[in-house]
Amino acid sequence: MVLMRLMVGPLQVNCYIIADEKTKEAVVIDPGDDAQDILGIIRKKGLTVKYIVNTHAHFDHVGGNEELKEATGAEILLHEADAALLGSTSGQARTFGMNAPASPKADRYVKHGDVITAGEVSLAVLHIPGHSPGGICLVEQGMVFTGDALFAGSIGRTDLPGGSHMALIGAIKANLLTLPDDTKVYPGHGPESTIGEEKRENPYLNEASGFV
């Protein structure tokens, strides 16, 4: 398996490229910006992008969708509950004093329990609402891509439209903290972690902290 991370855009989103070494089929997760940098790696590695997966539709995670789709022909996958957000990227960005390109609509909606495959890569979809209504995480053997649901030592903000602190905490505890402790956490921003570390040290999830 090939796994690469790029930090893209002014908000330093973690964009991940995960691919099967044999077939060279790839999935790009959260191409938030800097599409040419992403495409440069894809071409250098000789990969064929099968899917572009948005863990959610906030503008900083979808800014490269159009350019990447035009260059590769890949399908854009998203949870349907974030469809409206995907159509409002320019307005979202203006709220933060930024500009963002429009994104094409999703080619296909995914839901909890779906599996996204590219060669031998299999990404199981977990619906983790709370940061946004349609937030998803993606599980491969020994790893989970958490978007803006779970970070090292923190969780996603829930004060944006459609956010819910209670929903986010509940979904994380039910669907992420039940993964094996040694599962690597690859978040949408910041450094990597593990599920075990977040159980022990994340102040929003650790019972001893009083945040539960």
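What share of the 212 residues in the chain is buried? Buried residues make up 50% of them, where buried means under 20% relative accessible area, exposed means over 50%, and partly exposed covers what lies in between (1.4 Å probe, protein chains only). Keep in mind that this is a predicted model, where local features need pLDDT of at least 70, side-chain atom pairs count only at pLDDT 80 or more, and totals for chains, interfaces and linings use all residues. Residues are numbered from 1 along each chain as its sequence is written, and side-chain values use heavy atoms, with hydrogens and water left out.

**The whole chain**

- You'll find seven helices and 14 strands here; these are DSSP runs numbered from the N terminus, with helices (H or I) of at least four residues and strands (E) of at least two.
- The radius of gyration is 16 Å, close to the 17 Å that the globule rule gives for 212 residues, so the chain is as compact as a globular protein of that length. That radius is taken over C-alpha atoms, and the rule is 2.2 Å times the number of residues to the power 0.38.
- Along its principal axes, the C-alpha trace spans about 50 × 40 × 25 Å.
- Take the contacts (heavy atoms within 4.5 Å) between residues at least 6 apart in sequence: 59% of them join residues at least 24 apart.

**Asn54, tucked into a loop**

- Asn54 sits in the loop between strand S4 (48–53) and helix H2 (59–62).
- With a relative accessible area of 0%, Asn54 is buried.
- Not counting residues up to four places away in sequence, Asn54 touches several residues, including Asp30, His61, Leu78 and Ile136.

**Gln36 and Arg43, both in helix H1**

- Arg43 belongs to helix H1 (residues 35–45), and Gln36 is in helix H1 too.
- Arg43 counts as exposed at 56% relative accessibility, while Gln36, at 45%, counts as partly exposed.
- Leaving aside neighbours within four places in sequence, Gln36 is in contact with Arg43 and Glu67, and Arg43 touches Gln36 and Ala71.
- Gln36 and Glu67 are 31 residues apart in sequence and 8.2 Å apart in space, C-alpha to C-alpha. Their side chains are joined by a polar contact of 2.6 Å.

Notes. Polar contact = N/O pair within 3.5 Å; in protein donor to acceptor, adjacent residues only side chain to side chain.
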